[in-house]
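Me: I have a structure to look at and have not seen it before. Can you take me through it?

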Amino acid sequence: MNIIPINTQIAKPISYWIDSTPDTFYPSVSHHVLVDVAIVGAGIVGVTAATMLKKAGKTVALIDANQIAGGVSGHTTAKVTSLHQLIYAELIQQFGEEKARIYAESNQAALEYIAQTVSAENIDCDFSRESAYTFAENDENLELIKKEVEAALKLGLPVSFVRKTSLPFVIAGAIKLDNQAQFHPRKYLQHLVKSIPGEGSHVFERTRVVNVEEENPCRVITDNFTIQAQKVLITTNIPILDAGLYFAKTYPKRSYIIGAAINPEIAPQGMFIGSGEKYYSIRTTPYLNGLLLLIGGGGHKVGTVTNTEEIYQDLENYGRSRFGIDSFEYRWSSQDYVSFDKLPYIGRLTPLSQHVFVATGFSLWGMTKGTMAAMLLKDLVLEIDHPWSQLYDATRATPFITPEGLKQNLDVGTHWIGDRIKGFGDSLKDVPNNQGQVVQVDGQKVAAYRDENGTVHAVSAICSHLGCVVAWNNAEKSWDCPCHGARFNCEGKVLHGPAVNDLDQVST
Ligand SMILES: Cc1cc2nc3c(=O)[nH]c(=O)nc-3n(C[C@H](O)[C@H](O)[C@H](O)COP(=O)(O)OP(=O)(O)OC[C@H]3O[C@@H](n4cnc5c(N)ncnc54)[C@H](O)[C@@H]3O)c2cc1C
Ligand code: FES
């Protein structure tokens with residue numbers, strides 16, 4: 001990797017969306033509660049579904065282990081678009097035109113739902129209509145762009161092929177879809193959530209759900225009290241329940257974003273994403289009196305890259321070389337679950353479930369797909385037939401036998417067995433300051449981090465989900481599981497599911 005070691009300003013290691021909105025302090029659950037619908041996870045899916053169900057006359061309890069939109073929805077790029085890089089040609093080939101058309105229409109409907117909600121409720125969330133582009137920098141990927149134009153036109157999306165954009169560099173060509181949108185996701189979701197508490201409905205923050213028992217009524221078990229509900233929506237990005245095997249029908253992809261102030265006169269207009277093996281995602285957002293340029297990229301499977309610092313440096317180098325940026329305000333990263341057959345999983349947890357529903361597998365396009373999931377989940381709860389439900393049926397069996405499904409599950413097997421028998425260093429003394437390493441102490445695999453002051457923080461290296469060995473992530477200072485993407489901080493506390501339990505403490 002070509003690294004230019006210049007850094008005129010240390011970027012804040014926090015998402016701009018989180019940094020520019022206040023923390024929320026809804027209560028933790030402190031008593032037993034009975035509602036019509038419990039919704040576990042307050043990202044874009046959970047918040048949207050909860051507001052829709054409350055409007056439909058249901059009592060709801062929205063529960064989050066952390067804060068409203070503090071998860072992936074608070075760390076996204078927040079392009080609201082049906083142009084998901086390159087997808088339509090593949091969908092037509094895999095599923096046929098009719099199903100691909102439902103995909104396009106349902107994403108467009110979700111986009112319009114967001115637009116209408118922003119307008120009807122006058123939500124101050126930097127919403128703007130923009131064109132979305134997927135570009136090829138050279139002829140290598142140009143054919144794919146042209147095929148995508150053809151496919152999207154067939155499905156009724158008003159796309160065009162362009163050779164010029166407002167990007168300050170030459171491209172070979174791009175697919176352009178007008179009248180798409182972007183927004184500030186946390187301002188939007190913090191506004192929506194305000195309508196929930198009251199009339200028998202609740203919002204609970206800092207309340208971790210550790211299990212859900214499907215009974216009549218269902219029991220949502222938190223680390224303190226139990227919430228009873230007729231129906232339960234698991235909207236935790238990746239379901240925290242193992243039933244349904246969603247962790248084996250998706251793989252976790254981590255991706256990185258940097259933010260830099262840019263002179264509005266030279267800023268690109270629109271939302272952009274490249275194509276090919278290595279690509280970057282680009283948009284701007286209002287910032288102070290000007291604009292913040294967001295550049296995303298560096299995606300990889302969670303737990304497979306230790307030197308993640310290099311990824312931020314690569315994004316900064318791209319900002320310098322392509323946009324003439326020399327100072328960076330923000331850097332953050334997050335992850336989403338990629339579905340093996342490219343379609344999200346929305347619906348019943350298992351074929352036998354009557355009362356528990358899930359939504360996952362948004363493949364890094366969950367602003368529209370997450371909103372569309374909320375629309376479908378609402379109708380499933382209200383027992384209204386929906387024309388999209390079959391396509392996205394969460395219990396469909398096909399993903400397991402896709403080439404991606406076989407490859408990813410083989411990889412998980414390799415980690416589960418290989419990492420457990422692999423040799424690791426055997427001395428805590430060898431762990432350098434400011435670094436984490438898995439070491440073997442008295443036959444036990446220990447995830448050890450030595451902080452700047454030389455203090456060692458040691459926890460079990462065995463993931464509390466299904467027992468893989470976690471790996472160090474140096475930029476985020478976290479322990480990441482290469483099997484299904486659970487993440488833990490250096491004290492072993494859960495940062496991301498599917499795990500619900502912390503890593504065991506180890507005394508040194
Ligand atoms: C870097 C990046 C860029 C992206 N850019 C775009 C984009 O431009 N456009 C787009 O459409 N999509 C984008 N995406 C994808 C999109 O952000 C996600 O698909 C979407 O935010 C997922 O929403 P969610 O509601 O499923 O998850 P989340 O927002 O993560 O919400 C899940 C919530 O569940 C809570 N939770 C977890 N476990 C528990 C538990 N045990 N008990 C209680 N609560 C729990 C978490 O705290 C969290 O708040 C991007 C994703 C990434 C990673
Ligand atoms: S996330 Fe499943 S084993 Fe770690």
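This is a predicted model: local features need pLDDT of at least 70, side-chain atom pairs count only at pLDDT 80 or more; totals for chains, interfaces and linings use all residues.

Me: How many aromatic pairs does the structure hold?

Reply: There are 16 aromatic pairs. In one of them, Y16 and Y330 have ring centres 5.5 Å apart and planes at 70°, so this pair is edge-to-face.

Me: Where do Y16 and Y330 lie?

Reply: Y16 is in helix α1 (residues 16-19) and Y330 is in strand β15 (residues 330-339), so the pair ties together parts 314 residues apart in sequence.

Me: Are Y16 and Y330 buried or exposed?

Reply: Both Y16 and Y330 are buried. F183 and Y188 form a tilted pair, with 5.0 Å from centre to centre and 50° between the planes. F183 has 0% relative accessibility, so F183 counts as buried.

Me: Which residue lies over the face of F169?

Reply: R322 does, at 4.6 Å from the ring centre. F169 also belongs to an aromatic cluster with F135, Y280, Y318 and F323.

Me: On to the ligand. Which residues come nearest to ligand 1?

Reply: Of the 37 residues around ligand 1, the nearest are D64, S73, K79, D336 and M367. A polar side-chain atom of D336 is 2.6 Å from an oxygen atom of ligand 1, and a polar backbone atom of G366 is 3.0 Å from a ligand nitrogen atom.

Me: How much of ligand 1 does the protein bury?

Reply: Ligand 1 exposes 1,000 Å² when taken alone, and the protein buries 95% of that.

Me: How do the shell residues divide?

Reply: Around ligand 1 they divide into 16 nonpolar, 17 polar and four charged.

Definitions and conventions
Residues are numbered from 1 along each chain as its sequence is written. Chains are lettered from A and ligands numbered from 1 in the order in which they are written. Side-chain values use heavy atoms; hydrogens and water are left out. Rings of Phe, Tyr and Trp (its six-membered ring) pair if their centres lie within 6.5 Å; planes under 30 degrees apart count as stacked, over 60 as edge-to-face and the rest as tilted. Helices (H or I, at least four residues) and strands (E, at least two) are DSSP runs, numbered from the N terminus. Buried means under 20% relative accessible area, exposed over 50%, partly exposed in between (1.4 Å probe, protein chains only). A charge sits over a ring if NZ of Lys or CZ of Arg is within 6 Å of the ring centre and within 35 degrees of the ring normal. A residue is near a molecule or strand if one of its heavy atoms lies within 4 Å of it. A polar contact is a pair of N or O atoms within 3.5 Å; within protein, one must be able to donate a hydrogen and the other to accept it, and residues adjacent in sequence count only if both atoms are side-chain atoms. Accessible areas come from the Shrake-Rupley method with a 1.4 Å probe; for residues, only the protein chains shown count as cover. Ala, Val, Leu, Ile, Met, Phe, Trp, Tyr, Cys and Pro count as nonpolar, Asp, Glu, Lys and Arg as charged, and the others, Gly among them, as polar.
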